[in-house]
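Hello,

Here is the structure we talked about. Please look it over, then read my notes below.

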Amino acid sequence: MELKSILEKTHFNIEEIEHLLSLNDEDAQLLFQKAHEVRLQEIGNKVYMRGLIELSNHCMKDCFYCGIRRSNHTIDRYVMTDEEVYAAAEYAYKNNFGSIVIQGGELSSPAWVERIERLIRGIKQIGDKSLGITLSLGEQEEETYRRWFEAGSHRYLLRIETSDQELFHQIHPVDGYHTYERRLECLYTLKKIGYQVGTGVMIGLPGQTIRSLARDLLFMKEFDIDMCGMGPYIEHKNTPMYQRKHELLPPYERFMLSIKMVACLRLLMRDINIAATTAMETLHPSGRLMAFKAGANIVMPNITPEKYHDKYWLYENKAGSKQQIELLKIRITQEIYKAGLEPGFGQWGDSKHFQKRQQTH
Ligand code: 5AD
């Protein structure tokens with residue numbers, strides 16, 4: 001296959017995607033350049049910020065890979081107070097981030113649902129009432145999604161983790177609470193309600209193949225997502241999947257594969273929002289910068305109070321855990337300029353893809 005001719009395409013078959021994901025470092029540079037061009041052409045040079053609030057690490061799910069899984073009894077559990085959440089949101093507003101993301105372990109009690117609704121309404125009153133709100137709070141009932149939407153959140157992230165059903169069921173317990181069908185159903189419900197919908201996968205899971213990753217990209221295209229957050233799988237000692245550590249690609253290769261996934265997705269879905277994720281930064285010191293240069297247009301600086309950072313360890317050595325929020329902001333801004341791009345301060349930075357999707361309805 002001729003790389004240059006593949007890169008000129010706008011539609012890709014699975015073999016072509018596999019070819020791109022298998023490129024060596026040198027050829028991958030051409031893929032990254034192409035993804036960067038497509039991004040400039042389709043959505044411009046802005047990188048939008050979302051202040052990330054890690055609301056709580058309590059979780060009723062028990063995913064085999066995740067450090068905050070229900071059965072990990074070695075961690076301290078926390079929930080941020082209302083005051084802390086509002087202070088973080090104020091910080092995002094004052095620093096002109098434009099939007100926040102509220103992320104947390106999965107809970108669904110009536111009290112929790114109500115609290116989130118109240119927090120969304122409260123955040124919507126901050127400053128000139130312009131902060132955008134993305135939620136990432138797992139699988140919920142349709143009614144819950146609706147309440148949170150009506151309260152003022154407008155984007156939702158729910159990773160499919162892998163579109164390979166067999167692999168999905170290998171990395172989650174078979175206990176009735178973790179099914180592929182339910183995850184997919186939630187994604188459809190979110191779309192129906194009117195959210196901008198984001199999904200994503202983990203890259204380099206034990207047992208995952210290049211073909212499976214290529215299928216993940218086609219899945220995102222077919223589902224017609226608006227946003228994507230994906231990153232390398234990173235092992236965590238206190239999780240069952242740690243047993244399969246020896247099967248993993250070395251960190252650098254897992255990292256490069258993740259950047260190639262970002263770049264390929266940019267070629268497949270030219271106008272969606274794609275995040276440079278924390279897991280990329282964790283595996284490589286220039287992870288974020290490289291993601292910006294390969295098509296990513298979203299960054300989510302962590303604005304959770306520092307005292308909680310050590311407790312939200314989804315995986316080991318999570319990047320930025322000890323970084324002061326102020327320093328992080330400066331560093332990210334520098335990286336954006338270094339990539340030849342500009343920070344999109346004070347704007348929601350909605351997915352262009354979503355806007356077009358609305359117009360055609
Ligand atoms: N490595 C990488 N990503 C992880 N996540 C959870 N655990 C890990 C891990 N060990 C990701 C999942 C989840 C998101 C909140 O964090 O994709 O959806």
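**Salt bridges and the ligand site**

Arginine 155 and aspartate 350 join their side chains in a salt bridge, 2.7 Å from N to O. The term means a side-chain nitrogen of Lys or Arg within 4 Å of a carboxyl oxygen of Asp or Glu. Arginine 155 sits in strand β5 (residues 155-157) and aspartate 350 in the loop between β12 (342-343) and α14 (352-359), so the pair ties together parts 195 residues apart in sequence. Helices (H or I, at least four residues) and strands (E, at least two) are DSSP runs, numbered from the N terminus.

This is a predicted model: local features need pLDDT of at least 70, side-chain atom pairs count only at pLDDT 80 or more, and totals for chains, interfaces and linings use all residues. Residues are numbered from 1 along each chain as its sequence is written, and side-chain values use heavy atoms, leaving out hydrogens and water.

Arginine 183 also forms a salt bridge, with glutamate 161; their closest N and O atoms are 3.6 Å apart. Arginine 183 is in helix α8 (residues 180-193), and glutamate 161 is in the loop between β5 and α7 (165-171). Both are buried (under 20% relative accessible area, 1.4 Å probe, protein chains only). A salt-bridge network links Lys61, Glu106, Glu139, Glu161, Arg182 and Arg183. The salt-bridge count is 33.

Glutamate 161 also faces the ligand: a polar side-chain atom lies 2.5 Å from a ligand oxygen. Backbone N or O atoms come in too. That of tyrosine 65 is 3.0 Å from a ligand nitrogen, and that of isoleucine 234 is 2.7 Å from a ligand nitrogen.

Best wishes

Note on methods: A polar contact is a pair of N or O atoms within 3.5 Å; within protein, one must be able to donate a hydrogen and the other to accept it, and residues adjacent in sequence count only if both atoms are side-chain atoms. Buried means under 20% relative accessible area, exposed over 50%, partly exposed in between (1.4 Å probe, protein chains only).
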